[in-house]
Amino acid sequence: MRLLIAEDDADARELLKVYLEAKGHQVVMANDGVEALEKFKSTCPEVVLLDIMLPRLDGWSVLEAIRVQSHVPVIFLTALDSTDDVIKGLSLGGDDYLTKPFEPRELEARIQAVLRRVSAKIDLHGIQVGTLSIDDRAKVVTLEGKPVQLSPKEYELLRLLAIEPGRVFSDAELIIRLWPQGSRATSNDVKQYIHLLRNKIEEEPQHPRWIQTVKGFGYKLAG
């Protein structure tokens, strides 16, 4: 799992990195708020661990910027322990709030708990976008009640777009999310799978209603 740690204390950042990598996670680090947003856009983390008192741009502002474009789980890691701060963090869209000092194993437990909540929400309700339905447990896609046969990569591409309908995904983000680290996938591979997927779910693939191109930015699933 890819984690982004935004923490300005170098010792704390390194300690978390060592522990979380030992647990099998891939860790990306940022030491201020501006770098955190840059790393968020370039690495597409699955969970963000966010300090509040960051240089250049504080954690509150970082979270607000993230929430404009993504519902990725965000866990605050901070020395601010007042009830008002906790309420503010959760009200802005944080998924959890852990005050310092804390045990790394507690953080790992909270990461897993947040991910279980996200997975449970998808598993319980499936993914529904208009007349497009995705049963993530059975790996079944239906459109207007009719089954759509997809390859594993086509399924994962559609699922990713459907989790956040209306959000634009760049080629770079799709490659990071859908291909293994170190692969030689390019924008041409993304274009190929978009083409294949459109041929299976669009009435007129040349004039797509579902998977739309946002010129210069990427692709989105119309809501």
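Where is Asp-9 found, in terms of strand E1 and helix H1? Asp-9 sits in the loop between strand E1 (2–6) and helix H1 (10–22).

## Ground rules

Heads-up: this is a predicted model, so local features need pLDDT of at least 70 and side-chain atom pairs count only at pLDDT 80 or more, while totals for chains, interfaces and linings use all residues. Residues are numbered from 1 along each chain as its sequence is written, and side-chain values use heavy atoms, with hydrogens and water left out.

## Overall build

The protein chain has eight helices and 11 strands. Both are DSSP runs numbered from the N terminus: helices are H or I with at least four residues, strands are E with at least two.

What about the overall dimensions? The C-alpha trace spans about 55 × 35 × 30 Å along its principal axes. For 223 residues, a compact globule would have a radius of gyration near 17 Å, and the 19 Å of the protein chain agrees with that. The radius is taken over C-alpha atoms, and the globule rule is 2.2 Å times the number of residues to the power 0.38. Of the 223 residues, 42% count as buried (buried is under 20% relative accessible area, exposed is over 50%, partly exposed is in between, using a 1.4 Å probe and protein chains only).

## The acidic patch

Back to Asp-9: it is partly exposed, with a relative accessible area of 38%. Together with Asp-8, Asp-11 and Glu-14, Asp-9 forms a negative surface patch. Patch residues have over 30% relative accessible area and no salt bridge; like charges are joined within 9 Å, and nonpolar side chains (Val, Leu, Ile, Met, Phe, Trp, Tyr) within 5 Å. A salt bridge, for the record, is a side-chain nitrogen of Lys or Arg within 4 Å of a carboxyl oxygen of Asp or Glu.

## The E3–H3 loop

Asp-58 is in the loop between strand E3 (47–50) and helix H3 (59–69), and it is partly exposed at 30% relative accessible area. Its C-alpha atom is separated by 7.9 Å from that of Asp-32, 26 residues apart along the chain.

Arg-56 lies in the loop between E3 and H3 as well. Arg-56 has a positive phi of about 70 degrees although it is not a glycine, and it counts as exposed at 63% relative accessibility.

At 48% relative accessibility, Lys-139 counts as partly exposed.

Then there's a cis peptide bond joining Lys-100 and Pro-101, with omega about -5 degrees. Pro-101 lies in the loop between strand E5 (96–99) and helix H5 (104–125).

Methods:
Accessible areas come from the Shrake-Rupley method with a 1.4 Å probe; for residues, only the protein chains shown count as cover. Lys and Arg count as positive and Asp and Glu as negative; His and the chain ends are not counted. The place of a charge is taken as NZ of Lys, CZ of Arg, CG of Asp or CD of Glu.
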